[in-house]
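Please look at the sequence and the structure shown below.

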Amino acid sequence: PDGMESPLYSRSESDCSFASCTAGNYMTSSGCVECEPNTYSGDGADSCTVCPSGSTSSPGSTTVNDCACSAGYVLYSGTCRQCLANTWSTAGSTSCVHCPEHSTSPPGSGSQDDCSCPAGRYMKPDKSGCWHVLALWS
């Protein structure tokens, strides 16, 4: 039948089996099925592997390298690790970036916009750090 193969000189349809699935797919009793989002598989898989915690992948992903860490996380030794306080990262980043001078952010921040200035300061227009708020006397 379609999508099936059998050993050389086989005599019965019961000798048939589905051909191996290509990477990004896995074998079921009815044939190959594409891996769901946030999973991946290599050639000949009978199941898909879940991406590391804190990462995502597209449907049909073929290796763990297709799993990109979510914003606020970076890949370290095969695991997505949360960025520390006062740092941030965008999705798929390989390193966390320090907040601008005198600003802070909570752990797992996913954008420079998460960096904020303490009371009495405000972010410079170029986002390079915090300025003191000057009191004007009249």
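**A guided reading of the model**

D113 counts as exposed, at 57% relative accessibility; exposed stands for over 50% relative accessible area, buried for under 20%, and partly exposed for what lies in between, with a 1.4 Å probe and protein chains only. This is a predicted model, in which local features need pLDDT of at least 70, side-chain atom pairs count only at pLDDT 80 or more, and totals for chains, interfaces and linings use all residues. Residues are numbered from 1 along each chain as its sequence is written, and side-chain values use heavy atoms, with hydrogens and water left out.

The partner of D113 is K127: the two form a salt bridge, with the closest N and O atoms 2.5 Å apart. A salt bridge here is a side-chain nitrogen of Lys or Arg within 4 Å of a carboxyl oxygen of Asp or Glu, and the structure holds one. Strands are DSSP runs of E with at least two residues, helices are runs of H or I with at least four, and both are numbered from the N terminus. K127 is partly exposed, with a relative accessible area of 36%.

The next topic is the disulfides. A disulfide is a covalent bond between the sulfur atoms of two cysteines. In this model a pair of cysteine sulfur atoms within 2.5 Å is taken as one, and by this rule the count comes to seven disulfides. One of them joins C21 to C32, with an S to S distance of 2.1 Å. This pair links distant parts of the chain, eleven residues apart: C21 is in the loop between β2 (17-18) and β3 (25-28), and C32 is in strand β4 (residues 31-34). The torsion about their S-S bond is about -100 degrees, so the disulfide of C21 and C32 is left-handed. C21 is buried at 3% relative accessible area, whereas C32 is partly exposed at 42%.

Another disulfide joins C83 to C96, also with 2.1 Å from S to S. C83 sits in the loop between β10 (79-82) and β11 (87-88), and C96 in the loop between β11 and β12 (97-98), which puts the two 13 residues apart. Why is the disulfide of C83 and C96 left-handed? The reason is the torsion about the S-S bond of C83 and C96, which is about -90 degrees. C83 is buried, with a relative accessible area of 1%, and C96 is partly exposed, with 27%.

The sulfur atoms of C117 and C130 are 2.1 Å apart and form a disulfide as well. C117 is in the loop between β12 and β13 (121-123), and C130 is in strand β14 (residues 130-132). The link of C117 and C130 is left-handed, with -90 degrees about the S-S bond. C130 is buried at 7% relative accessibility.

Strand β14 is also the place of W131, a partly exposed residue with a relative accessible area of 37%. Y122, W131 and V133 make a nonpolar surface patch of about 300 Å². Patches are made of residues with over 30% relative accessible area and no salt bridge, joined within 9 Å for like charges and within 5 Å for nonpolar side chains (Val, Leu, Ile, Met, Phe, Trp, Tyr); the areas come from the Shrake-Rupley method with a 1.4 Å probe, and for residues only the protein chains shown count as cover.

Strand β9 (residues 73-76) and β10 run antiparallel and are joined by four bridges; two strands pair if DSSP finds at least two bridges between them. L75 stands opposite C80 in β10. β9 and β10 form a hairpin with two residues between them, and S77 in the turn has a positive phi of about 50 degrees.
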